[in-house]
Amino acid sequence: MPGGGPTADLDAWVLATAPRAVAYARSLLRDPHAAEDVVQDCYCRLIARADVYDLPRDGLRLLLRAVTNACINARTRRRPVLRLVRPDDGDGEPGDDPPDPSAVPPELNVIGRELRDAVAAGLATLPPQQRAALQLKSLGHTQQEIAAALGVTPGNAGVLVYRARQTLAAYLAPFLGGEAVS
């Protein structure tokens, strides 16, 4: 049938709805290849039942519902692949277990602990009002809120925060590999 017919209507419907369906599936699965596979399967199932459904009229609603269900199934039924054999590092000998990507290297733990202790020691050297002003500022309080909490003017609160930052930066400079701030 040149120029129209049921096949042309289905072709037009698929071309009109495919970009939206694939984008929707990608947003649910976060994997473009899996999303395209899910959408293709949904199209195949809907087109196989084209005699039951009015796809040009109700097809988008049915397609998006099918994509939603298929994506939920794909995410919940996907099983993690576990390796029972250690990976081979190329020299014929079994290698060590693969490193845990979420584990922090020990040297970074030590550096972090040293820096945390240095910050605590640096804060201890500050006068109480400067320390309080800096801690309130680090918690996200405004200059007016800091002034009200400390019983000083907003300008004085800004000076307290500035001086505390300068003193702390000078104290932490050797730990951060920089020069002392003047």
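Modeller: We can start with one side chain: a polar atom of the Thr-17 side chain lies 2.8 Å from the backbone oxygen of Trp-13. Keep in mind that this is a predicted model.

Colleague: What makes the pair of Thr-17 and Trp-13 a polar contact?

Modeller: The cut-off for a pair of N or O atoms is 3.5 Å, and the distance between the Thr-17 side-chain atom and the Trp-13 backbone oxygen is 2.8 Å. Thr-17 itself is placed in helix α1.

Colleague: Why is Thr-17 called buried?

Modeller: Its relative accessible area is 7%, and buried means under 20%, so Thr-17 falls in that class. Apart from neighbours within four places in sequence, Thr-17 is in contact with Tyr-43, Leu-60 and Leu-63.

Colleague: Is Ala-21 buried or exposed, and how do you know?

Modeller: Ala-21 has a relative accessibility of 0%, so it counts as buried. Ala-21 also belongs to α1, the helix of residues 6-29.

Colleague: Which residues does Ala-21 contact beyond its neighbours in sequence?

Modeller: With neighbours within four places left aside, the contacts of Ala-21 are Val-39, Tyr-43, Leu-63, Leu-64 and Val-67.

Colleague: Where is Arg-30, and why is it called exposed?

Modeller: Arg-30 sits in the loop between α1 and α2. The class of exposed residues begins over 50%; Arg-30 has a relative accessible area of 67%, and is therefore exposed. Arg-30 also has a positive phi, about 65°, although this residue is not a glycine.

Colleague: What makes α6 and α7 roughly perpendicular?

Modeller: Helix α7 spans residues 154-176, and α6 packs against α7 at an angle of about 95°, with the axes 8 Å apart. The perpendicular class runs from 65 to 115 degrees, so α6 is roughly perpendicular to α7. On the α6 side the contact uses Gln-143, Ile-146, Ala-147 and Leu-150, while α7 brings Pro-154, Gly-155, Ala-157, Gly-158, Leu-160 and Val-161. Seven of these residues are nonpolar, three are polar and none is charged.

Colleague: How many helices and strands does the chain have?

Modeller: There are seven helices and zero strands, so the order from the N terminus reads α-α-α-α-α-α-α.

Colleague: How much of the chain counts as buried?

Modeller: The share is 22% of the 182 residues. As for contacts between residues at least 6 apart in sequence, 54% join residues at least 24 apart.

Methods
Residues are numbered from 1 along each chain as its sequence is written. This is a predicted model: local features need pLDDT of at least 70, side-chain atom pairs count only at pLDDT 80 or more; totals for chains, interfaces and linings use all residues. Side-chain values use heavy atoms; hydrogens and water are left out. Helices (H or I, at least four residues) and strands (E, at least two) are DSSP runs, numbered from the N terminus. Buried means under 20% relative accessible area, exposed over 50%, partly exposed in between (1.4 Å probe, protein chains only). Contact means heavy atoms within 4.5 Å. A polar contact is a pair of N or O atoms within 3.5 Å; within protein, one must be able to donate a hydrogen and the other to accept it, and residues adjacent in sequence count only if both atoms are side-chain atoms. Axes are lines fitted to C-alpha atoms, for helices over the stretch in contact, and angles run from 0 to 180 degrees between N-to-C directions. Angles under 35 degrees count as roughly parallel, over 145 as roughly antiparallel, 65 to 115 as roughly perpendicular and the rest as oblique. Ala, Val, Leu, Ile, Met, Phe, Trp, Tyr, Cys and Pro count as nonpolar, Asp, Glu, Lys and Arg as charged, and the others, Gly among them, as polar.
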